[in-house]
4 protein chains.
Amino acid sequence: MILFHNDYSEGCHEKIMEALIATNMEQTPGYSEDRYCAAAADKIRKCCGREDLAVHFLVGGTQANLTGITAALWPHQGVLCADSGHVNTHETGAIEATGHRVLGLPSVHGKIRGQQVREYVKIHFADPSFEHTVQAGMVYISNPTEWGTLYSKAELEDLSSACRDCGLPLFLDGARLGYGLMAKQNDLTMADIALLCDVFYIGGTKVGALFGEAVVISNPVLARDFRYIMKQRGGMLAKGRLLGVQFDALLTDDLYFTISHHADQLAEQLRAKFQALGYDFFMPAQSNQLFPILPASVRVYLAEKYTFIEMDRLDENLTVCRFCTSWATKQENVDALCADLEKISE
Amino acid sequence: MILFHNDYSEGCHEKIMEALIATNMEQTPGYSEDRYCAAAADKIRKCCGREDLAVHFLVGGTQANLTGITAALWPHQGVLCADSGHVNTHETGAIEATGHRVLGLPSVHGKIRGQQVREYVKIHFADPSFEHTVQAGMVYISNPTEWGTLYSKAELEDLSSACRDCGLPLFLDGARLGYGLMAKQNDLTMADIALLCDVFYIGGTKVGALFGEAVVISNPVLARDFRYIMKQRGGMLAKGRLLGVQFDALLTDDLYFTISHHADQLAEQLRAKFQALGYDFFMPAQSNQLFPILPASVRVYLAEKYTFIEMDRLDENLTVCRFCTSWATKQENVDALCADLEKISE
Amino acid sequence: MILFHNDYSEGCHEKIMEALIATNMEQTPGYSEDRYCAAAADKIRKCCGREDLAVHFLVGGTQANLTGITAALWPHQGVLCADSGHVNTHETGAIEATGHRVLGLPSVHGKIRGQQVREYVKIHFADPSFEHTVQAGMVYISNPTEWGTLYSKAELEDLSSACRDCGLPLFLDGARLGYGLMAKQNDLTMADIALLCDVFYIGGTKVGALFGEAVVISNPVLARDFRYIMKQRGGMLAKGRLLGVQFDALLTDDLYFTISHHADQLAEQLRAKFQALGYDFFMPAQSNQLFPILPASVRVYLAEKYTFIEMDRLDENLTVCRFCTSWATKQENVDALCADLEKISE
Amino acid sequence: MILFHNDYSEGCHEKIMEALIATNMEQTPGYSEDRYCAAAADKIRKCCGREDLAVHFLVGGTQANLTGITAALWPHQGVLCADSGHVNTHETGAIEATGHRVLGLPSVHGKIRGQQVREYVKIHFADPSFEHTVQAGMVYISNPTEWGTLYSKAELEDLSSACRDCGLPLFLDGARLGYGLMAKQNDLTMADIALLCDVFYIGGTKVGALFGEAVVISNPVLARDFRYIMKQRGGMLAKGRLLGVQFDALLTDDLYFTISHHADQLAEQLRAKFQALGYDFFMPAQSNQLFPILPASVRVYLAEKYTFIEMDRLDENLTVCRFCTSWATKQENVDALCADLEKISE
């Protein structure tokens, strides 16, 4: 079987493995207080064009989400997000387990707009019994979204401006950030994101690392005592240097961007093939996740050789499917999938 | 500087690195549903001599503690432990963050006895207003303890029996389990532990792995839905196979035990040297952590070349210090430390 | 101003006040361990036709909801309810603050059906990654609902049967239970409810008492250690006998039912008047809460003399309003409102 | 039996009952947004000599403690208190259930000193791994303490000054505040307390009311959004005016102080009698709770007619007992107890 169902089926990029091997028997202090973490943080700050960012390394996305969100909210506050947001759909109530409600907003293409945030806040405070409902305390978005779509710079500016007007910090889940930044239609830079968000993370798990997410905090209120909360929620890695070494490698010679670009290009080939053969997409195909709508015959045929996710059955025949490429996807596997697709579509 | 202050200063054992390299580009399902996790779980079951154990892999110790404890407790219950227990001292209130009190009991050499558990429960229910105090719902111990000491088989049987009489599941934190099982004075096997405890974990982070703890659950009530709680608390690793690969390697050809033995032997050399030179120990030296009491002159002298932890200042002159060996400690470094110790003690 | 906006604008029924006065200087044990609480619990058991019910007294509805729900759920579970359910809309995330998600289901007339519960559970376990989503652990309904509507016996049987098939305890919020049981269209008895639900409560705050809800638990698993959780969540009243005295009075000579009937009758008069004058209702008018749709002219006119709640603006002109009657509503006030309504509707 | 085991065995003072009766059928808005709550809050502000205090009314002490503490703490913080503090001993882990550790400090006569707070904070931040331990975020004291003792003005100033230097808000649990303020040895006023603490409450439940605690907040950061947290934790009373009416009555014509004085005087008679007969006290007898050490013969004899609490068995013969007087204690009952005491002591 060739796996296209997600973007974390392999280990890590060879350069990262080399870095891990090279540093393996070195002795370093624990808990990310080593020189590799420091170096990686510096490179991230440089990449964002700012010296004043707090950078912390966590092992995974749910951990990054729950740590970052609980660090920001007062007890009576919840987090606004797209109804399709990962914290709202696939984290087993991780945010609720920290005591906070997830406030899902209707989304288009997995995205929300500044106007929705402004309205939520306005309606909340217009209710004479507002203290009986959950106050918004943060806004969470993902870029790329869970549907593989992208926020344009204008959209992120609009959302950021709404958040600042409403006094709500903006959190950007960048589990697939590289695939977003290297996408053809993208017009955002990491510096833009650091400027427009209060906290975001640079996903490593899905973009070349064995594991790891680099949390970047520009809002000093959210940065306060962040390491305590990491430790308390089980997110402080003893051998923290493993995170530093990996992000240091990812940010050397643009590795993060180069390998992201690779995934995006292969996704683009796949997208073009699906389109050329007349298949519709459930969502605009903008980064490394594609959501073509496939008839049963095609779906069953492909499932013999390839894994992909069946997201939603639209009718007796049609199913929304998810195919992912990644830093590790081989050209030959994309070629094979394209060829098989062509064959069954004849 | 040569680091003796903890047992997680290096990366991983070469055999583990080799296994990670060999499997790196293999495609596997995520979230520990791969064949490496299955194989490692099987080896653990074999090692415990039982087929009916649930095995789950987590990244770190605090995560294993908070996940295992919150999975066992009802909302009004707390966890009994030695006052020196890790969950009571060095996890930033991770257990409290899940809503439960840590009920510290006075300990001798970092250990508690069955009688203390029985008495706590008896006193609790003898209080006419018992509902106004926290009910015990689990007992947590560490073996080796945070003070490097060991539970004998008789002690663990005594505690286990008390726990069962009181209806309290017993949780054993085995962050350094290998160093305990290979210690000269140890008379416990992994099978004993699986039999006497309801849940325990086999520490990898401190014993040869890059990271990872294998949680072993013999009590089916605690095993129920454990993966949900792992996910909810941020402990489900996307590339879970990294844990499987590492534990598979650790449990092949007795690697886990061989490298633990190495650390214990070096600790024994150090212990003998401290003792021969007339230094007292704050705690019986039984595994890879030693707690000698050092005068200021010695402490300052050693601190120039070696790292170790100053646990407690006893008076103007004397300080309890912690020195750790590990699977990675080099004979030459122990020799150097012994030589310097001799020099300053002349 | 005459208040129709809720059913808790006055103190308590005179019989209850008399009982409070009569017992005021009596000395009793605290925390509901007095003879009044015992007597009230007995009367409730009798009213339900069962000896095996646990009965506990709490001060208010949010407290009863959060205590009863947190006592039933495992950490990774959430509570299913109508999207209009009180725990989902007006309790400031009280359930989430105990660590659990509220799982709102689409509702018709504020009610959910057994089929929805069955489907939620089926879909959950059909998802191969079900551990990444919140498991249902309880079902919460209100009767009467937040929209004043009633579950028929057939509907409650259907829901109860689905819950039992799915292994989910059923919780019934009876904040306005009396008004439901005395409603013209009702075909449920308190004994039916005790049989069909695992836990429910008999609302006092809105039905004649100064405050108080009597939680009735028929499922022994949920009854276990309930007083601990009451205390822990701040719900154990020092002078618990105040709750016992009030419920004892409410359950003497059918007071609870008589005064509920009074409210329902006045609501029926109001309903008939609205209908006769041609106003539509947003929800079927079945108990003491009415939701007529009023044009702006009528709404503004009435607002000069009466309070009521504006629930939702339907268009430029029409607004859904809430009017409540209660045990304390005076016939003359209903007459006045009817007269004014007639006047403005001419 | 005559009850001396606590100070909440009766209902309420007749003046309060009269006020409840007088206002019973009045219609008011709910949730403490009525004129009685406003009037009571004004009287409290006047009594404290300050216009800028936020005042909120809650039903009971545990509720007031958990609401006030959770409103102040960041997720990784705990609350410092005397090891004998109510939140540490008799609230079933209510603080932990909000996610926070209770940090008990050794106490003398139930009290802690500023120096202890300073040292805790200093030691915490001196630890190089401080992020692995719980940060203090608030200081909780009770006055009178759980042992009936009092903070002098100098002691409270010392503690307050330490708290402010350390950036820790000071919370004073005044469940028995009246009995403290009217005690012979007291030199504090309510204005002093409002000045020296960031938040405190005036206990009603134990001092003349049916129930109720008035939370007074002088620190605007803690006052922010307090009503949300009240609601979320189940502490917002629907008929909030019941709390307003009671506190309004308590603060009219010095009722609160007069009835507190009554209790203190009766306690003083009892104290003098115990002392005259040669019994020792376990704690200095300073307010309405007395802790004489009684031999078995006396204890058994008194237990036939009177209730009191056996706190601690000191040896085969001697037991620390608790006797309380209250606003409701009758002179004749104290006389009877004194007479019986004399009889058995002959």
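**Chain folds and chain interfaces in a predicted model**

Buried residues account for 66% of the 346 residues in chain A. The coordinates belong to a predicted model, and every value below is computed from it. Chain A contains 15 helices and 13 strands. Its radius of gyration is 20 Å, close to the 20 Å that the globule rule gives for 346 residues, so chain A is as compact as a globular protein of that length. Along the principal axes, the C-alpha atoms of chain A fill a box of roughly 60 × 60 × 35 Å. The contacts within the chain can also be described by sequence separation: among those between residues at least 6 apart in sequence, 73% join residues at least 24 apart.

From the single chain one may turn to the interfaces. The size of an interface is often given as the accessible area lost when the parts come together. Between chain D and chain C, that buried area is about 3,900 Å², and carbon and sulfur atoms give 57% of it. In chain D, the residues that lose the most area to chain C are D:Y8, D:Q27 and D:K239, which together supply 18% of what that side buries. In terms of contacts, 44 residues of chain D are in contact with 45 residues of chain C.

What kinds of polar interaction occur between chain D and chain C? There are 28 residue pairs in polar contact, both residues being at pLDDT 80 or more, while the count of salt bridges is zero. Several elements of chain D give two or more residues to the side that touches chain C: the strand β1 (2-3) and the helices α1 (14-23), α3 (61-70), α10 (226-232) and α11 (241-250). By class, this side of chain D has 24 nonpolar, 13 polar and seven charged residues.

The interface of chain A and chain C can be described in the corresponding terms. Here the buried area is about 1,400 Å², with carbon and sulfur atoms giving 43%. In chain A, A:T92, A:E96 and A:R101 lose the most area to chain C, and together they make up 42% of what that side buries. The contact involves 19 residues of chain A and 19 residues of chain C.

Two salt bridges are found across the interface of chain A and chain C. In one salt bridge the side chain of A:R101 meets that of C:E96, with an N to O distance of 2.7 Å. A:R101 is also among the residues of chain A that lose the most area to chain C. Twelve residue pairs are in polar contact between chain A and chain C, with both residues at pLDDT 80 or more. The elements of chain A that give two or more residues to this side are α4 (86-89) and α5 (94-97). Of the side of chain A that touches chain C, α4(A) provides the largest share, three residues. The residues of that side divide into four nonpolar, eleven polar and four charged.

In chain A, a cis peptide bond joins A:N143 and A:P144, with omega of about -5°. A:P144 is found in the loop between β5 (135-142) and α7 (153-166) of chain A. In chain B, the peptide bond from B:N143 to B:P144 is cis, with omega near -5°. B:P144 is placed in the loop between β5 (135-142) and α6 (153-166) of chain B.

Positive phi angles at residues other than glycine form a further topic. C:H109, which is not a glycine, has a positive phi of about 55°. C:H109 lies in the loop between β4 (102-105) and α5 (114-126) of chain C, and its relative accessible area of 34% makes it partly exposed. D:D225, also not a glycine, has a positive phi of about 60°. The location of D:D225 is the loop between α9 (220-223) and α10 of chain D. With a relative accessible area of 22%, D:D225 is partly exposed.

Is B:D340 buried or exposed? B:D340 counts as buried, because its relative accessibility is 6% and buried means under 20%. B:D340 belongs to helix α14 (residues 331-345) of chain B. Leaving aside neighbours within four places in sequence, B:D340 is in contact with B:Y301, B:L302, B:K305 and B:Y306.

Key:
Residues are numbered from 1 along each chain as its sequence is written. Chains are lettered from A and ligands numbered from 1 in the order in which they are written. This is a predicted model: local features need pLDDT of at least 70, side-chain atom pairs count only at pLDDT 80 or more; totals for chains, interfaces and linings use all residues. Side-chain values use heavy atoms; hydrogens and water are left out. Contact means heavy atoms within 4.5 Å. Buried area is the accessible area (1.4 Å probe) that two parts lose on being put together, summed over both. A salt bridge is a side-chain nitrogen of Lys or Arg within 4 Å of a carboxyl oxygen of Asp or Glu. A polar contact is a pair of N or O atoms within 3.5 Å; within protein, one must be able to donate a hydrogen and the other to accept it, and residues adjacent in sequence count only if both atoms are side-chain atoms. Helices (H or I, at least four residues) and strands (E, at least two) are DSSP runs, numbered from the N terminus. Ala, Val, Leu, Ile, Met, Phe, Trp, Tyr, Cys and Pro count as nonpolar, Asp, Glu, Lys and Arg as charged, and the others, Gly among them, as polar. The radius of gyration is taken over C-alpha atoms; the globule rule is 2.2 Å times the number of residues to the power 0.38. Buried means under 20% relative accessible area, exposed over 50%, partly exposed in between (1.4 Å probe, protein chains only).
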